[in-house]
Amino acid sequence: MRRPLLSLLALLAACTQKQATEDASAPPAVVMHGVRLRSYDGSTLSMTGEATLATWDRTGELTATQATVHVPDKGANGTAPKGKQAGGTTVRAKLMEGNPGARQLVASGDVEVRTASGLVAHTPRATYDGSQQVARGTEGVEVTGPNGRMRADAFSLSFPTGQFDFEGSVRANVQGATR
């Protein structure tokens, strides 16, 4: 029987707190292959995901490679037909690092963000704040959607609403626009 990763991680955090002062060059406390994640806020599913490899170190930091995280829309039960994600926002990256207890995550390496409305964003790096359910990036972003493409120096994305806000130099190419 598989236990939810979050329960395992909470148990590991409790067991490894005494060891947090140990040598930082020590190997990770746990190395997991083929990881599947289901995270809950109380009884509500708040996140699902998977990674090729994940490590949990003695300070409580989690590192995942070839990772995908899906945050369902509020009120969604997280279920969808096979091969499809339920409504919400999905993030894929070569590397994700963070602290599950602090609900903070940094995704880097060909980061792709897909919203339920069909927008697809690509950025080198994004920081996710789970308590606010907002992702931010300051290393440029390109967003494509059904009506065009937009490039910007920086962005923020609200996961509950799917709304992007752009900052710095912003360039839009709207399809179907007339001059």
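A: Start with one scale. A residue is buried under 20% relative accessible area, exposed over 50%, and partly exposed in between. Keep in mind that this is a predicted model.

Q: How do I use that scale on Glu-142: is it buried, exposed or partly exposed?
A: Glu-142 has 24% relative accessibility, so it counts as partly exposed. Its salt-bridge partner is Arg-149, with the closest N and O atoms 3.1 Å apart. Arg-149 is also read from its value: at 41% relative accessibility it counts as partly exposed.

Q: How many salt bridges does the structure hold?
A: The test is a distance: a side-chain nitrogen of Lys or Arg within 4 Å of a carboxyl oxygen of Asp or Glu. The structure holds eight salt bridges. Arg-36 and Glu-50 form one of them, at 3.6 Å from N to O. This pair links distant parts of the chain: Arg-36 sits in strand β1 and Glu-50 in strand β2, 14 residues apart. Arg-36 is exposed, at 57% relative accessible area. Glu-50 counts as partly exposed, at 42%.

Q: Which parts does the pair of Arg-103 and Asp-41 tie together?
A: First check the bridge itself. The two side chains meet at 3.5 Å, N to O. Arg-103 lies in the loop between β4 and β5, and Asp-41 lies in strand β1, so the bridge ties together parts 62 residues apart in sequence. Both ends are partly exposed: Arg-103 has 33% relative accessibility, and Asp-41 has 39%.

Q: Which salt bridge does Asp-129 have, if any?
A: Asp-129 is buried yet has no salt bridge. The nearest side chain of opposite charge belongs to Arg-136, 5.0 Å away. The cut-off is within 4 Å. Asp-129 lies in strand β6. Leaving out residues up to four places away in sequence, Asp-129 touches Arg-103, Gln-104 and Val-134.

Q: What is Tyr-128 in contact with, leaving aside its neighbours within four places in sequence?
A: Read the list for jumps in numbering. Tyr-128 is in contact with Met-47, Val-71, Arg-103, Gln-104, Leu-105, Gln-133, Val-134, Ala-135 and Phe-159.

Q: In what sense do β1 and β2 pair?
A: Follow the bridges from strand to strand. β1 and β2 pair in the antiparallel sense, over 11 bridges. His-33, for example, stands opposite Leu-53 in β2. The hairpin of these strands has two residues between them, and there Gly-42 takes a positive phi near 65°.

Q: Why is Thr-55 called buried?
A: Thr-55 has a relative accessible area of 19%, so it is buried. The cut-off is under 20%. Thr-55 is in strand β2. Leaving out residues up to four places away in sequence, it touches Pro-28, Val-30, Val-31, Glu-61, Leu-62 and Thr-63.

Q: How far apart are Thr-90 and Thr-48 in sequence and in space?
A: Compare two kinds of distance. Thr-90 and Thr-48 are 42 residues apart in sequence and 9.3 Å apart in space, C-alpha to C-alpha. Thr-90 lies in strand β4. At 6% relative accessibility, Thr-90 counts as buried.

Q: How many aromatic pairs are there?
A: Check the ring centres, then the angle between the planes. The count comes to three pairs. Phe-155 and Phe-164 form a tilted pair, 6.1 Å centre to centre with 50° between the planes. Phe-164 and Phe-166 form a stacked pair, 5.7 Å centre to centre with 5° between the planes. Ring pairs link Phe-155, Phe-164 and Phe-166 into a cluster.

Methods: Residues numbered from 1 in each chain as written. Predicted model: local features only at pLDDT ≥ 70, side-chain atom pairs only at ≥ 80, totals over all residues. Heavy atoms only, no water. Contact = heavy atoms within 4.5 Å. Pairing = 2+ DSSP bridges. Helix = DSSP H or I, 4+ residues; strand = E, 2+ residues; numbered from the N terminus. Buried < 20%, exposed > 50% of the residue type's maximum accessible area, 1.4 Å probe, protein only. Lys, Arg positive; Asp, Glu negative; His and termini not counted. Phe/Tyr/Trp six-rings, centres within 6.5 Å; stacked < 30°, edge-to-face > 60°.
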